[in-house]
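Hello,

Here is the structure for you to look over. My notes on it follow below.

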Amino acid sequence: MDKRDFAFGRLNYILLAVGMAVVVIGFLLMSGNGSTDTAYDPDIFSARRIKVAPVVCLLGFVSMIYAVVYRSKNDNTLVDENKEVEA
């Protein structure tokens, strides 16, 4: 298969994977024990769960959007294949 058949380049996939990893880290930061009917756990209102983890997830989603719209500088997909390139 020719490289021109793919929608994304190698760097796009790497950036998507990094963004997805950041989102997973954000969700892991949000996880933890919750309160039950018999015991109250004040850790559910910690700064890590309420402030840090959502910001990490947001940064991950923004980086994934950037990875989708990123276009490399040496992308030649706009060149019409039917035209001959003059040397």
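G26 is buried, because its relative accessible area is 0% and buried means under 20%, exposed over 50%, and partly exposed in between (1.4 Å probe, protein chains only). G26 sits in helix α1. Helices here are DSSP runs (H or I, at least four residues), strands are DSSP runs too (E, at least two), and both are numbered from the N terminus. Leaving aside its neighbours within four places in sequence, G26 is in contact with A53, V56 and C57. Contact means heavy atoms within 4.5 Å. R48 is 22 residues from G26 along the chain, and their C-alpha atoms are separated by 9.7 Å.

A word on the source. This is a predicted model, in which local features need pLDDT of at least 70 and side-chain atom pairs count only at pLDDT 80 or more, while totals for chains, interfaces and linings use all residues. Residues are numbered from 1 along each chain as its sequence is written, and side-chain values use heavy atoms, with hydrogens and water left out.

Now the overall picture. The protein has two helices and zero strands. It has 87 residues, and buried ones make up 15% of them. Take the contacts in the protein with a separation of 6 or more: residues 24 or more positions apart account for 58% of these.

How do the helices pack? Helix α1 covers residues 10-30 and helix α2 covers residues 47-69; they pack at an angle of about 165°, with their axes 8 Å apart. That angle makes α1 roughly antiparallel to α2. The axes are lines fitted to C-alpha atoms, for helices over the stretch in contact, and angles run from 0 to 180 degrees between N-to-C directions. Under 35 degrees counts as roughly parallel, over 145 as roughly antiparallel, 65 to 115 as roughly perpendicular, and the rest as oblique.

By class, the contact of α1 with α2 has 19 nonpolar, five polar and two charged residues. Ala, Val, Leu, Ile, Met, Phe, Trp, Tyr, Cys and Pro count as nonpolar; Asp, Glu, Lys and Arg count as charged; the others, Gly among them, count as polar. The crossing of α1 past α2 is left-handed. Left-handed means that the near helix is turned anticlockwise from the far one by less than a right angle; clockwise is right-handed.

Some individual positions in the helices:

- A17 lies in helix α1. It is partly exposed, with a relative accessible area of 47%. A17 and A67 are 50 residues apart in sequence, and 9.2 Å apart in space, C-alpha to C-alpha.
- K51 belongs to helix α2. K51 is exposed, at 58% relative accessible area. From K51 to M30 is 21 residues in sequence and 9.4 Å in space, C-alpha to C-alpha.
- I65 is in helix α2 as well. Its relative accessibility is 55%, so I65 counts as exposed. I65 and G19 are 46 residues apart in sequence, yet 8.7 Å apart in space, C-alpha to C-alpha.

Last, the aromatics. A pair of aromatic rings is described by the distance of the centres and the angle of the planes. How many aromatic pairs does the structure hold? There are two. The rings of F8 and Y13 have centres 5.7 Å apart and planes at 80°, so this pair is edge-to-face. Y66 and Y70 form a tilted pair, with 5.7 Å centre to centre and 50° between the planes. Rings of Phe, Tyr and Trp (its six-membered ring) pair if their centres lie within 6.5 Å; planes under 30 degrees apart count as stacked, over 60 as edge-to-face, and the rest as tilted.

Y66 is partly exposed at 45% relative accessibility. Y70 is partly exposed at 25%.

Best wishes
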